[in-house]
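I opened this notebook to keep track of what I looked up. The entries follow in the order in which I made them.

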Amino acid sequence: MAVIANNCPQHRVAVVDINAARVAAWQSDRLPIYEPGLDEIVRRARDKNLFFSTEIDRHIAEADIIFVSVNTPTKTFGRGAGRAADLQDWEKTARQILENSTSPKIVVEKSTLPVRTAEAMERILDSNSKGMRFDIVSNPEFLAEGTAIRDMQNPDRVLIGGRETPSGQKAVQAIVDIYAQWVPSERIVTTNLWSSELSKLVANAFLAQRISSINAISALCEKTEADVSEVAHAIGMDSRIGSRFLRASVGFGGSCFKKDILNLVYLCEHYGLQEVGDYWKQVVEMNEYQQARFVSNMVLSMFNTVAGKRIALLGAAFKANTNDTRESPALNVCRALLEERAEIVISDPHALDNARADLGDAAQHVTFEPDPYAAAEGAHAIAILTEWPHFIELDYEAIFRSMIKPAFIFDGRNILDHTRLHAMGFNVYAIGRPPLTNFVVNGTEANV
Ligand code: UGA
């Protein structure tokens with residue numbers, strides 16, 4: 001909304017939320033999320049044509065267009081638990097819109113929703129006796145955290161789906177006109193409602209599938225003499241495959257991939273397409289396997305036990321340049337190592353508060369240390385779990401000296417110079433490469 005406000009000075013944008021503390025934070029100098037470039041654009045538009053408020057009813061009444069971006073987490077109860085989307089908040093919002101509207105409105109689905117949700121929303125909104133017209137438009141978001149402003153300012157495409165009726169098409173055009181202020185027209189794609197809703201789920205499923213595919217191959221590389229980065233580079237040069245999203249890692253995280261794929265799986269099952277659902281479910285299962293495999297590699301290589309050993313986890317965020325820890329592989333690795341009774345220290349430049357909150361009860365067994373050098377001091381092992389660029393720049397000689405020997409490093413993001421670390425004396429375990437160890441067996445160096 002801040003990007004829209006910046007590009008469309010003729011429009012007044014009000015962001016409303018039930019959470020007063022969060023609204024207050026948006027109005028302050030300390031925004032509630034860390035996102036490069038966000039502070040600047042919020043500051044530029046705030047109190048000019050961008051407002052933050054808890055007065056939801058008033059702003060609903062005043063608005064011509066309402067973007068609904070409420071949470072749609074995975075259902076934890078009842079039918080579809082663990083897979084289907086929980087649409088409580090969406091439905092409540094639709095009812096609230098209905099209650100407070102006195103003029104026709106365009107309601108835009110911005111939250112990621114199961115296919116055909118728009119239909120249910122239309123039914124609720126059309127149930128009014130005031131004779132008011134509501135048009136539902138689907139406008140899924142494709143920005144990624146950490147590059148959100150850049151993605152929004154310069155999107156690959158903007159997708160807008162609507163009903164094929166005259167009024168539906170007028171609503172689509174109204175949303176096209178907003179984006180056309182800064183997005184070239186050939187990048188604005190219009191479709192029917194269902195294609196738009198489904199495309200969002202499918203885009204995330206395809207992206208996640210690439211990561212699970214390369215991660216599957218990384219397991220094979222570790223057993224052979226192949227190097228997954230070389231394989232990714234070689235296959236990515238085929239323009240039909242492309243080079244992006246082929247970085248093998250400890251696994252993908254974030255609030256979207258897993259949730260959206262499970263949602264897709266549920267949808268397939270709902271329509272009796274069991275095989276199709278199973279196919280996509282495997283993307284999530286491979287991701288879980290990759291994280292479990294990372295932890296068992298750690299335990300096995302550290303002589304089958306990490307109990308009582310200090311392990312420094314560098315990174316808590318699910319990716320660099322965000323403070324978001326939702327579904328972060330770092331926290332899954334942390335939980336698994338706690339079960340092995342390791343002594344865990346986590347270091348992250350921006351995500352420690354969220355990590356503490358997300359870990360819940362487990363947080364009491366974890367030390368949160370912003371300084372990576374202090375985290376590594378006295379540790380048996382360090383594990384890189386988020387690709388923060390400054391982890392590459394650390395003084396690993398100094399870190400090595402401060403650690404217990406033999407010192408282990410597990411690079412879950414393949415961002416470090418492994419040969420250099422090996423030469424310093426580290427036992428280095430990367431993703432999709434054979435380990436580089438410094439163990440000495442019977443007087444000769446042995447690769448174990
Ligand atoms: C993702 C999509 O990329 C966005 O297009 C989409 O709008 C968003 O979900 C959403 O649905 O809201 P996001 O989850 O913010 O964006 O971040 P990504 O850059 O996609 O990264 C997801 C995870 O995959 C991270 O944990 C990242 O480290 C991991 N990853 C990514 C890899 O392990 N390897 C790669 O090659 C790329």
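I began with surface patches, which are made of residues with over 30% relative accessible area and no salt bridge, where like charges are joined within 9 Å and nonpolar side chains (Val, Leu, Ile, Met, Phe, Trp, Tyr) within 5 Å. A salt bridge is a side-chain nitrogen of Lys or Arg within 4 Å of a carboxyl oxygen of Asp or Glu. Accessible areas come from the Shrake-Rupley method with a 1.4 Å probe, and for residues only the protein chains shown count as cover.

I noted that this is a predicted model, in which local features need pLDDT of at least 70 and side-chain atom pairs count only at pLDDT 80 or more, while totals for chains, interfaces and linings use all residues. Residues are numbered from 1 along each chain as its sequence is written, and side-chain values use heavy atoms, with hydrogens and water left out.

Entry: surface. I found a nonpolar patch formed by Tyr271, Leu273 and Val276, together having about 280 Å² of accessible area. Tyr271 sits in the loop between helix 11 (257–270) and helix 12 (274–301); helices (H or I, at least four residues) and strands (E, at least two) are DSSP runs, numbered from the N terminus.

Entry: ligand. I counted as near any residue with a heavy atom within 4 Å of the molecule. The ligand is surrounded by 21 residues, and the closest are Leu143, Lys200, Ser249, Phe318 and Arg413. Helix 9 (residues 193–223) gives the most to this shell, with 4 residues.

I then looked up polar contacts (pairs of N or O atoms within 3.5 Å; within protein, one must be able to donate a hydrogen and the other to accept it, and residues adjacent in sequence count only if both atoms are side-chain atoms). A ligand oxygen lies 2.6 Å from an N or O atom in the side chain of Ser249. For Phe318, a polar backbone atom is 2.7 Å from an oxygen atom of the ligand. The protein buries 92% of the 710 Å² that the ligand exposes when taken alone.

Entry: backbone. Most residues other than glycine have a negative phi, and most peptide bonds are trans. I noted that the peptide bond from Lys405 to Pro406 is cis, with omega near -5 degrees. Pro406 lies in the loop between helix 17 (396–402) and strand 12. Arg116, not a glycine, has a positive phi of about 80 degrees, and its place is in the loop between strand 4 (105–109) and helix 6 (117–126).
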